[in-house]
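The following exercises are to be worked through with the sequence and the model at hand. Each task is followed by a solution in steps.

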Amino acid sequence: MFGKLLRRVLTVLTVVGAVSVTGPAAQRAEAASVCSGRPAKAVGFSTGELRIYKKRQYVCALTVAKRPGAVRAMSVSLQPRGGRAAVDKGRFTRQAGPVTVHALNRCVRVSGAVAGKRASTGWILC
């Protein structure tokens, strides 16, 4: 009787331990890669970083603050050559974006800002 109870308790503890270990790790992995695809370029500037990802026909971009926490003005803009720019701007604590555009066989231009400091690329990924 005691052995059976002990096995049940150990089984429950094992399951709870497995859930508690995998839960936060899965959330961190999801938060770390907001854009799908491979990292194509990163442009750092004094208050943040502009990150660009490419996946098949699509390009994705976001601007990430170097010191998240305080609400401040942020923006990210991603424009395919010959197309309309996708823009996300406002007051955020951590990041602006992601924004995604269809860019099959087209160059893109990306810009981002955090608290008045800006970074941009020329035409890239041609």
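## Exercise 1: The disulfides

Cys 107 is buried, with a relative accessible area of 10%; buried means under 20% relative accessible area, exposed over 50%, and partly exposed in between (1.4 Å probe, protein chains only). The model is predicted: local features need pLDDT of at least 70 and side-chain atom pairs count only at pLDDT 80 or more, while totals for chains, interfaces and linings use all residues. Residues are numbered from 1 along each chain as its sequence is written, and side-chain values use heavy atoms, with hydrogens and water left out.

**Task.** Determine which cysteine is joined to Cys 107 in a disulfide, and then characterise the other link.

**Solution.**

Step 1. A disulfide is taken as a pair of cysteine sulfur atoms within 2.5 Å. By this rule there are two disulfides.

Step 2. Cys 107 is joined to Cys 126, with an S to S distance of 2.0 Å. The torsion about this S-S bond is about 130°, so the disulfide of Cys 107 and Cys 126 is right-handed. Cys 107 lies in the loop between β6 (95–102) and β7 (108–114), and Cys 126 in the segment after β8 (117–120), so the link ties together parts 19 residues apart in sequence. Helices (H or I, at least four residues) and strands (E, at least two) are DSSP runs numbered from the N terminus. Cys 126, at 72% relative accessibility, is exposed.

Step 3. The other disulfide joins Cys 35 to Cys 60, with S to S 1.9 Å. The link of Cys 35 and Cys 60 is left-handed, with -55° about the S-S bond. Cys 35 is in the loop between α1 (2–32) and β1 (38–45), whereas Cys 60 is in strand β3 (residues 58–65), 25 residues away. Cys 35 is buried at 3% relative accessible area, and Cys 60 is buried at 6%.

Step 4. Counting bonded cysteines along the chain gives the pattern 1-2, 3-4.

## Exercise 2: Strand pairing

**Task.** State the order of the strands in the open sheet of four strands, and describe the pairing of β4 with β5.

**Solution.**

Step 1. Two strands pair if DSSP finds at least two bridges between them. The open sheet has the order β1-β2-β3-β6, with antiparallel pairing. β1 and β6 are the edge strands, each with a single partner, so one side of each has no neighbour in the sheet.

Step 2. Six bridges join β3 to the antiparallel β6; Val 59 has Val 101 as its bridge partner in β6.

Step 3. Strands β4 (residues 72–80) and β5 (residues 86–92) run antiparallel and are joined by seven bridges. Leu 78 is bridged to Ala 86 in β5. The two strands form a hairpin with five residues between them, and Gly 82 in the turn has a positive phi of about 85°.

## Exercise 3: The nonpolar cores

**Task.** Identify the residues with the most contacts inside the largest nonpolar core.

**Solution.**

Step 1. A nonpolar core is a set of buried Ala, Val, Leu, Ile, Met, Phe, Trp, Tyr and Cys residues joined through side-chain atoms within 4.5 Å.

Step 2. The largest such core has 20 residues, and Ile 52, Ala 61, Leu 78, Val 108 and Val 110 have the most contacts inside it. Two or more residues come from each of β1, β2 (48–55), β3, β4, β6 and β7.

Step 3. A second, separate core of five residues includes Cys 35, Tyr 53, Cys 60 and Val 64.
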